[in-house]
Amino acid sequence: MNDHQEKPMESRTSATAVDIRNLSFNYGSTQALKNIGLNLKRNEVTAFIGPSGCGKSTLLRCINRMNDEIAGTRITQGEILIDDINIYDRSVDVVKLRRQVGMVFQKSNPFPSSIYDNVAYGLRMRGERDSAVLDQSVQESLESAALWDEVKDRLQESALGLSGGQQQRLCIARTIAVKPTIVLMDEPCSALDPIATAKVEDLIWKLKHDYTFIIVTHNMHQAARVSDKTAFFYMGELVEFSDTSRMFSNPSVKKTEEYITGRFG
Amino acid sequence: MASEKSSNAKTSHKFQRSGFSYEQLIRFFFASNAGLTIVILTLIIAFLLKEGLGFFPGYRRDLETYRIAGLEFVDISRNNLTSHEQLTSLLNRAYYAEVNGKSARELKRTEEASALYNAFTDQVGPTRDLIINNPQARTDANAGMKAALLGNYEKQREKALLKPINTPHLTAKEREGLLESLRTRPPEATEDPPLVAALAQEFVAAQQKHAAPLQEFRTVIDDFESAGFDLGSIIMEMTESVTVTKEQLQTADILEKDRKTLLAAASGEKDPVERERLLADARAALADKPDVETPMEALLERKPECARLHEALKTASSDALKKIPSRLSDPDARRLLGAARKAWPQFIADLEAAPKKISAWKHTDPVPLSDAILSFLTGKKWVTGGEWQDFYGILPLAVGSLMIAMIALSISIPVSISAAIYVNHFAKPREQALVKPVIEFIQAIPSVVLGFVGILVFGTILREISVMDAFQWVPGFPIEERLNIFTAGCLLALMSIPTIFSLAEDALNNVPSAYAEASEALGASHVQTAFRVMIPASFSGILAAILLGFGRVIGETMVVLLVAGNRIKIPDFSEGLGAFFQPSHTLTGIIAQELGEVPLGSVHYRALFVVGIVLFAVVLGINATAHHFVNRAKK
């Protein structure tokens, strides 16, 4: 079942954004991830799919160490390399890591402050005080997130007044404002209507030239629409990882086929 | 329609209600309990208002008597005399500080020698008493006993001289001489050792020597002091006459009240015989209107004399100010003299204004109710049970309560908020499990227990710290009173920490974890997340926590009663922050202390109820504001 991860990776290291090697992860005594190996390339969109509880979100959160905040979790084996650095090494400053690996959450979570402050937050935390730099960054980020035209006249109003879709795009703008190289998205569209979802997907497609996206989704169509590569997880194991077009047309493992055709999950 | 309904009720159907059910009973029980608390609260408020609001008319009558009997007139002069006495005392203290400051070396030497000698006598004293007071030992009749006692005395003497206390200001030779004289001191000797006596003389000589150049200052002080004698004696005379008038007025008031009660009872009585008897009693109780006019005329005749005496005192005081020395060498003396100089212009101004006040004063001026209310709210004096006149001014109590609350909050806010942030945001689960219960445990300490810890441990430690040289830069140190505003504030801080901590921690907990997660995913550190996201998002809740802590501090009674020192006086702010080390009384403390002793229904009793109303209103206001913030946080 694990034959795919033993396959030599076709890409060269320089094109690799995230290299996950033999990773196992535990919640207390429960093993949530079993010996995962994955090599994600730069400027590609990778989708993680699988039934609930299969470990896809856990793996995503491992990539910027968000699991550190949860008591009782630990990596039991393996490592994750970003730019050839093991991010679980003792010498790694989590704060610096997260500046390079941004994250958008399932539920949009803007801060209860103005739109402007939300986008400028990351830069300000980095010590940026120059208002011209902040202004420019806010505008660029909102433009990239296709939100600028909708909010440019009310930047000082509360972000909580935006619609759900706008809030999620604001969260994306906030994430890319700090110029990460990798953006992790944990079911970013699960709470959005089809039109808002389409906007976010367009956005991912548009931005993929500048960022590496990893997106967890329950929506097969979404995975098929936005991703270049797809990884299918089941019960904490990586079942299949290949080009999206291939996986959805001709999956090599029976389990994958059953899942994407909706026979379980 | 009605018949239709009843017929409906008779014919049962499958959805038929089954009468008064068990469920309804439970529901009724719960509802009555909820209702009961509201009823009780209403009753408490009604009771407070009923007992309290009678205070103002009663106090107004008190103030009216104060005016009609002429006590107010006497107080115009008396206030000035009091200031005069205070100034005299300041000058005297400055004088002695100067003399003793210059003789400081001699003072230290005599003190050290006496201390050494006293330590010696303390040690040998009991044995010595046995020898000289025992007739058997003295008469040589029992030689064995005498020898044994003498042997014991030798032993005690050895012990006493084993480690004599330090005497840095005595020369080695003097010290040796003193020790030698003690070593050879016979048990029956009564006179001081030669060095102790010599040093005492030396000190007196030094005092005299240093007093000589200050002779002029001494004369100025004495002259100034005697300038107030005439005013003092006329006040004494007037006091006697007005006190008599006041007593007559008060007796008449009581009789009048009795009469009204009797009349009221008579009008309600149905039995004609009984009614007649009550009416007769009432007629008998009709008081003679006391004659206030004759003594008042005598009093008013003194107006010119009073004014003249004030003029004289003013002239004498202006002269004295010119003559007091411009500079003293001892720092303590300088400080005291400075305080006197500072108070002087106000004193002169008061004296100058006095004659006008005296001539303008009229005993017939009405006392409106607003005077009583104003005098309660802004009065600087809370004097009760005195022979002269009771004043019920809430200011000293309110200031005391507020200052204690300020100390308490300025300690407990930073401590409890940062503890809450730490526990909520930084602590590992194990630390959380330890710190939270421990802080909340403080609440379980009975406040009386905390009170005596405050008196016995904290107050003592504070006083010992305050005399250390290293802390003399702190304003108000060394403290005079072990029990003061600061001590009470510190203990109340301890009591309010659990309240503020728990509520602030709850508020932080209520911040959606998504905020912290988002912030950290954007590369903010833990500290940045705490300050930029957690605190702003829970700000309303934290503010509510602080306010509720404030309410707790203001309402706390036991600790302040035990520890605040209970002196009813507005602290003296001329020492700046040192005012926080003075004793004070509080709104809560005064009720607890005095309510048990006042006669039921008296003005004093009602005054305490009004203090209670004020307290109730303040705490209610604070809690309502806190509630408002909590509601805002929920939105």
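The model is predicted; local features need pLDDT of at least 70, side-chain atom pairs count only at pLDDT 80 or more, and totals for chains, interfaces and linings use all residues. Residues are numbered from 1 along each chain as its sequence is written, chains are lettered from A and ligands numbered from 1 in the order in which they are written, and side-chain values use heavy atoms, without hydrogens and water.

Chain B brings 18 residues to the contact and chain A brings 24 residues. Contact here means heavy atoms within 4.5 Å. About 1600 Å² is buried between the two chains, and carbon and sulfur atoms give 63% of this area. Buried area is the accessible area (1.4 Å probe) that two parts lose on being put together, summed over both.

The interface holds 1 salt bridge, defined as a side-chain nitrogen of Lys or Arg within 4 Å of a carboxyl oxygen of Asp or Glu. Its partners are E517(B) and R61(A), at 2.9 Å from N to O. On the chain B side, α21 (513-521) and α22 (526-537) each supply at least two residues. Helix α21(B) gives the most, with 7 residues. Helices (H or I, at least four residues) and strands (E, at least two) are DSSP runs, numbered from the N terminus.

In chain A, 4 strands form an open antiparallel sheet in the order β2-β1-β4-β5. Two strands pair if DSSP finds at least two bridges between them. The edge strands are β2 (30-41) and β5 (85-86) of chain A. Strands β1 (16-27) and β4 (73-82) of chain A pair over 8 bridges. Within this chain, S24(A) has Q77(A) of β4(A) as its bridge partner.
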